[in-house]
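Dear colleague,

I am passing a structure on to you, and below it I have written out what was found in it. Please keep the sequence and the structure open beside this message as you read.

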Amino acid sequence: MQFHLNGYNPGDPRFSDPQDAVVPPPIKRPLPECVDVMIVGCGPAGLNLAAQLSQFGNIKTAIVDLKDDRLLVGQADGIACRTIEMFQAYGFAEQILQEAYQVHEVAFWKPDANKPDEIALSSKIQDVEDDLSEMPHVIINQARVHDQFLDVMLRSPGKVEPYYSRKLLNIEVDENATEYPVTLTFERALNYSVNIQTTEVVKAKYVVGCDGARSTVRKEIGHELVGDALNQAWGVMDILMVTDYPDIRVKSVIHSSNEGNMLIIPREGGYMVRLYIELDKLAENERIARDKITKDYLIAAAKRIMQPFTLDVKEVVWWSVYEIGQRLTTAFDDSAEGRPAHVFLAGDACHTHSPKAGQGLNTSVMDTWNLGWKMAHVLNGKADAELLKSYSAERQVIAKQLIDFDRELSKMFSTKPKSPTNPDGIDPADFQKYFEQFARFTAGTAIRYNPSKLVGTGEHQQLATGQTLGMRFHSAPVVRQADARPMQLGHCITARGKWYVFAFAGEQQPLSAECGVKALCEFLQHDPASPIRAHTPQNAPLDDVIDVRAVFQQHHRDVNVSALPDILMPLKGKFGLRDYEKVFCVDNRPESSGGGKNIYDMRGINKEQGCIVIVRPDQYVADVLPLNDYSSLTAFFKGVLK
């Protein structure tokens, strides 16, 4: 899509008249007296958590924000491949992909060897390696991501809508309270023009602070952000411009000899770009003199860095300056020795990054993607509160890894290139090598959770070498058996808090007496030891907690639908309608028709034996087991679910 041609306008770009994209202001409502979950902060972490909890109509969720309305212009606009995979689970990935700029190449520019005061192209590389994800790395206004989450929240059974103009004053936790141990007091601005304010008190079972780097929730539970800065200041601006720089629609890293460094990020719509511009280094403990930096100052700096190319800025859509810093909180919740957690932190409230690695938003939403299903399990009685301890255990380690990576990348960004007069500088080739080496971090696919009750030890990893335990389920093409639809297998994982058991068949004839998938289905449906019988509520659909899907190696036309077990074609809903979308086959179409990609080959699945792949509600691989290892399958779920 192309838009912003005649100036920037926020909102849905599909409206030809920008005024039609304006969303009416929120209706002012009093806060509820009691909730299951109170989310503080309408940033990406908070909205993602609200969207996930909104999938459950019986969970009472509230989300508040200090602002008086939804976001219109965002700051964190780089969306990693892994995050788009998560959007797919909500059903809005396609809309994001249609609007967004897709990053496919990165251009590296360095000082011209013959004219050191000018820049010259060093090389170009692929932004995301082949088959790292079915989704691309994209750039889109953060506000449009917020809009999608808000739509999900309103459409879902929970019907969650934010309460704006709320300032959190304090939090009190009463360990002796049986139902609502947390009390929050808010200040509500009723009328800013005459400064009329009032206070509201809400009781909650759980509180999640998604209220940014200056988090009030974090301060109320006695935690702080700890870390360091690089004494480096950068400017950032979104602009509409005319230039003769040839790679203006390609993500570009520019190292100049003496004028600093710059990162160019093309923006959605085909005309706008974002510039990250290096400013002067700061002395120790020095802060940015923001009053001395203007948008004209940033434009002039960008022009000097881009020599010999010209830059004619027509409109500055947004600009800011910031200091680089990587910090991590001392804890992700308020638990203590012998005391369970009632208050949690997520996003910038517990870790901060530099913007250039694109980790802020992407890491933040993965925090609440991890926390949301666990909280829903506990509140719905599917798991004990002990499960919530795994949030901090899993996410704090990941945040530390990403901060270490971000710190090194930021340092390299801010170092002058090596030259005869600067022998200690960075070789642009070394920077490019580091960029390529850690591309999986920036894509969000390098996250790996350690073995625990939620992640197996890897005893049978060899049965599916490409589905690494503790890492996200790596999707691949299949054909759905019932309607011959080519699709990504991972796209059947939704944000509804279910566990998935993918049964990959061996070489035997599908559903024959020797077929391991058929035997597994018989066990799951009828055996008293079955985890589905043990953990599915009475009168609930068979797939309410654990959703079983089968993949066969044969052509989809060779699978006999009438022989499929009921667990693969369950009756659901008030009319008892049959679900036909749980059986898949290898994509046996010829390459000329878009096929030729065998999921068994792509993901290292044992063709002779097949296997079971257990996938968590947040799309991470929990275990890989032999098709006939019913005892391990039962034991795994018994260790997690009631």
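Before the findings, one term is needed: a pocket is an open set of grid points with protein on both sides within 12 Å along at least five of seven lines, and its lining residues have an atom within 4 Å of a point. Please also bear in mind that this is a predicted model.

The second largest pocket holds about 960 Å³ of space, and its lining is made up of 38 residues, with Cys492, Thr494, Arg496, Tyr500 and Arg549 lying nearest the centre. Among the elements that give two or more residues to this lining are helix H2 (81–90), helix H4 (142–155) and strand S21 (546–552), while S19 gives the most, with four residues. When the lining is divided by residue type, 14 residues are nonpolar, nine are polar and 15 are charged.

Helix H4 also contains Gln148. Is Gln148 buried or exposed? Because buried means under 20% relative accessible area, Gln148, with a value of 9%, counts as buried. Leaving aside residues up to four places away in sequence, Gln148 touches Phe92, Gln95 and Ile96.

Turning to the nonpolar cores, the largest has 169 residues, of which Met38 and Trp499 touch the most other members. Helix H7 (residues 360–379) supplies the largest share of this core, nine residues. Apart from it lies another core, of 27 residues, including Ile264, Leu275, Ile305 and Met306. As background, nonpolar side chains tend to be buried together in soluble globular proteins.

With best wishes

Key
Residues are numbered from 1 along each chain as its sequence is written. This is a predicted model: local features need pLDDT of at least 70, side-chain atom pairs count only at pLDDT 80 or more; totals for chains, interfaces and linings use all residues. Side-chain values use heavy atoms; hydrogens and water are left out. On a 1 Å grid over the protein atoms alone, a cavity is a set of points where a 1.4 Å probe fits but cannot get out, and a pocket is an open set with protein on both sides within 12 Å along at least five of seven lines; lining residues have an atom within 4 Å of a point. Grid points are joined across faces, edges and corners, and a volume is the space filled by probe spheres set on the points. Ala, Val, Leu, Ile, Met, Phe, Trp, Tyr, Cys and Pro count as nonpolar, Asp, Glu, Lys and Arg as charged, and the others, Gly among them, as polar. A nonpolar core is a set of buried Ala, Val, Leu, Ile, Met, Phe, Trp, Tyr and Cys residues joined through side-chain atoms within 4.5 Å. Buried means under 20% relative accessible area, exposed over 50%, partly exposed in between (1.4 Å probe, protein chains only). Contact means heavy atoms within 4.5 Å.
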